[in-house]
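Me: I'd like to go through this protein with you. Can we take it step by step?

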Amino acid sequence: MKSFLFALFLLCSILNLSAQQQNDSIAALYKKQNEVKLNAVMLLAGAFEASYERNLNEESSLGVSFFTPYDNENLDANINYYISPYYRIFFGKKYAAGFFVEGFAMLNSIDREYGVQDSGGFYTYEEESVTDFALGFGLGGKWVSKNGFVFELTGGIGRNLFQNDYDTTIVGKFGFNLGYRF
């Protein structure tokens, strides 16, 4: 009977020690407040999009994304760049992870073509660069490993506020982001 009680005590001690180590690693993950991410889909498409995010608490974070194309021949988009700050609210059980809703602002620059009629009645098309400001919202999901690796799927839509007389009224964001929480 004594050996059974000793074995039971030893087993409980080992399980408690293992649970304490797991709780310590989870607590260490909570102390990591910063994230850097790259959008893998955009890298393959010919653009660079990087994000920095700061976790405010277990349910919210602030971040900023920067986008610019580097291969205009393969990227079928007329956007020159955008800078987009965002705020997220998380609905998951883990710290700053799970399903989220975001609100974002976007300062964007695009190239647009417009027709100009000359004196002979013919149209020539000219291109100009236009900068605008948009507001929008997005949805997504974020998963974080115990080691701090971040995987994120996100999408959003917004509306430019000032240049509404052209076909550049709606803006979008989407991402398949990979990064690290530190």
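**Salt bridges and surface**

Reply: E102 counts as buried, because its relative accessibility is 3%. Buried means under 20% relative accessible area, exposed over 50%, and partly exposed in between (1.4 Å probe, protein chains only).

Me: What kind of model is this?

Reply: This is a predicted model: local features need pLDDT of at least 70, side-chain atom pairs count only at pLDDT 80 or more, and totals for chains, interfaces and linings use all residues. Residues are numbered from 1 along each chain as its sequence is written, and side-chain values use heavy atoms, with hydrogens and water left out.

Me: Back to E102. Which side chain does E102 meet in a salt bridge?

Reply: R88, at 2.7 Å from N to O. A salt bridge is a side-chain nitrogen of Lys or Arg within 4 Å of a carboxyl oxygen of Asp or Glu. The pair links distant parts of the chain: E102 is in strand β5 and R88 in strand β4, 14 residues apart. Strands (E, at least two residues) and helices (H or I, at least four) are DSSP runs, numbered from the N terminus.

Me: Is R88 buried or exposed?

Reply: Buried, because its relative accessibility is 3%.

Me: How many salt bridges are there in the whole structure?

Reply: Eleven. One network of salt bridges links E35, K37, E53, R88, E102, K142, E152, K173 and R181.

Me: How far apart are the closest N and O atoms of E53 and K37?

Reply: 2.4 Å. E53 lies in strand β2 and K37 in strand β1, so the pair ties together parts that are 16 residues apart in sequence. E53 is buried at 0% relative accessibility, and K37 is buried at 3%.

Me: New topic. What does the side chain of N177 join in a polar contact?

Reply: The side chain of E152, at 2.8 Å. A polar contact is a pair of N or O atoms within 3.5 Å; within protein, one must be able to donate a hydrogen and the other to accept it, and residues adjacent in sequence count only if both atoms are side-chain atoms. N177 lies in strand β8 (residues 170–181). N177 is buried, with a relative accessible area of 5%.

Me: And E152, buried or exposed?

Reply: Buried, at 1% relative accessibility. E152 also meets K142 in a salt bridge, 4.0 Å from N to O.

Me: Last one. What is the phi of A96?

Reply: Near 50 degrees, a positive value in a residue other than glycine. Most residues other than glycine have a negative phi. A96 sits in the loop between β4 (79–90) and β5 (98–117).
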